[in-house]
Amino acid sequence: MKRVLRQLAGATLRYHHPCRYRSSFARSSAPFVQSRESYEEVDGPEMITSIPGPRSKALIDDLNPIQESRTVHFFADYASSNGSYVMDVDGNRLLDLNCQIASLPLGYNHPAIVAALRNPNNTHLLANRPALGYCPPREFVAMLEDSLLAVAPFKMKQVMTTMCGSCSNENAFKTSFMHYMQQMRGSGSPTDEEIQTCVQNKTPGSCKLSILAFSGGFHGRSSLGALTASSSKVAFKLDLPAFDWPLAPFPQLQYPLEDHIRENREEENRCLAAVEEILDSQLKANCPVAAICVEPIQAEGGDNYASPAFFKELQRLGKAYRALLIVDEVQTGCGATGHMWAHESWQLDEPPDMVTFSKKMQTGGVYVRNGLRPKQPGRLGCTWMGDPAKLLMAVEIIDVILRDRLVDLVRVSGGELLGGLKELENSYSILSAARGMGTYCAVDLPTTEIRDDVIKALHNRGVYVIGSGVRSIRLRPALTLTPRHVGVFLDILDGVLADF
Ligand SMILES: Cc1ncc(COP(=O)(O)O)c(C=O)c1O
């Protein structure tokens, strides 16, 4: 936590965002550099057993009486994992292109993170978990400045830390509702009736407002608000009560995007017309939309893209109907798309109202534009409101991303990855719709069954990936993925596809 300690000593070190919606990485011609504490490069995957191997199977059986274990792919040996390679308990070494569902920014056991956690000066941050809304540690402000604020989206100077991606969206929704009602009341106060009815879950205190989300979107499942806004998987939703909130169609584009410009524009216009109709009908039905919540690239729903023009128009429509724009960057954020934040690529004239994140940032959180904080204190929050131990890691992660120009590396490796996928698509008829931004890439197979078989074959040959949507394979490597790793993956995928 070098910078934080320096800052505490008095020398404030601030990051200045270079220019509107352009990251410093994009403008610089300087080449990226590899981490000074670079990993010991291993030769590639090494497979001793199939996945899961016998030791993993035994542990899965041990876990099963205690908790659900049917989703486990393998048990990992994190102490022996390194960089982009994860070791399992059977001694298999896999190239990890899933990275804990897109949550591992620097690969395994990055020296900078390990050093920060080993530093005895930081022990108190690991040993004492505070209620951040009441008694934050004295380093808290400096840590926020050195991590989340150092890479904040343009014009966003406020950030609230949370526990996870679902919590981030839930707090963004609550902020939107409170803001909407605040605007309706103007300088007035809540009525006695509102105060009395809210604790009985009745209107008008529990007011009739909604969040507009998109079909196929995913915003979390740990809270019923985030789950209501999600629609990517029946298994997550079935049997659970949901708010009566509207869903708009998300564009189903054809790939490659550059070959289908006209059809894709028509498809986006169709969806935008539906959005406008919903905003209007919700208003007329006295359940106005307080916020539109959207992923820059639908992740769990199958790596679905939309154009910058689509998002610009979404923001314009929202403004016309007093609906805030919440951009859910839980999966796209923190560099993986070749931008620190995927929405930077839209070149919006004004920033979104809120940007939610979690995963690679280690802590959940919401960037909030000025003017949205509730009038009274204490209306948002929970016991922990994040975790300084995770912020300690985030300080190192951001430091390494900036120092080693990892977003540049993502663009270079991502170019190789997408180029390679497109070449394979030309060679194998079962592969289609290769698409991606940075190393955030995906490709489709003809059916769910074939997709799952290809994933299984990749696991057994030493590449760890998972699916998204109905028939896509998604790639979510660490930002430290190099063109060399990309070559290893493409060779193995080529071999797998040749067998189908
Ligand atoms: C876009 C998006 N939003 C929200 C979430 C929920 O995050 P969490 O699982 O941390 O609650 C996810 C998780 O995959 C996600 O991909």
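Okay, let's start with the cysteines: there are zero disulfides in this structure, a disulfide being a pair of cysteine sulfur atoms within 2.5 Å. Take Cys99, which is in no disulfide; its nearest cysteine sulfur belongs to Cys334 and sits 12 Å away. Cys99 is buried, at a relative accessible area of 0%. On that word: buried means under 20% relative accessible area, exposed over 50%, and partly exposed in between, with a 1.4 Å probe and protein chains only. Cys271 is in no disulfide either, and there the nearest cysteine sulfur, from Cys293, is 16 Å off. Cys271 is buried too, with a relative accessible area of 0%.

Quick housekeeping. This is a predicted model, so local features need pLDDT of at least 70 and side-chain atom pairs count only at pLDDT 80 or more, while totals for chains, interfaces and linings use all residues. Residues are numbered from 1 along each chain as its sequence is written, and side-chain values use heavy atoms, with hydrogens and water left out.

Now the ligand. It has 13 residues around it, and the closest are Gly165, Ser166, Asp328, Gln331 and Lys359; to be near, a residue needs a heavy atom within 4 Å. By type, that shell divides into three nonpolar, six polar and four charged residues. For the sorting, Ala, Val, Leu, Ile, Met, Phe, Trp, Tyr, Cys and Pro count as nonpolar, Asp, Glu, Lys and Arg as charged, and the others, Gly among them, as polar. Helix H8, residues 165–185, gives the largest share of the shell, with three residues. Helices here are DSSP runs of H or I with at least four residues, strands are E runs of at least two, and both are numbered from the N terminus.

What about distances to the ligand? A ligand oxygen is 3.3 Å from an N or O atom in the Glu300 side chain, and a ligand nitrogen is 3.4 Å from a polar backbone atom of Phe218. On its own the ligand has 390 Å² of accessible area, and the protein covers 85% of that; those areas are Shrake-Rupley with a 1.4 Å probe.

Last stop, strand E3, residues 158–162. Five of its five residues are buried. Which residues sit on which face? Gln158, Met160 and Thr162 are on one side, with Val159 and Thr161 on the other. E3 runs antiparallel to strand E9, residues 364–368, with five bridges joining them; pairing takes at least two DSSP bridges. One of the partners in E9 is Val366, which bridges to Met160.

Methods. Polar contact = N/O pair within 3.5 Å; in protein donor to acceptor, adjacent residues only side chain to side chain.
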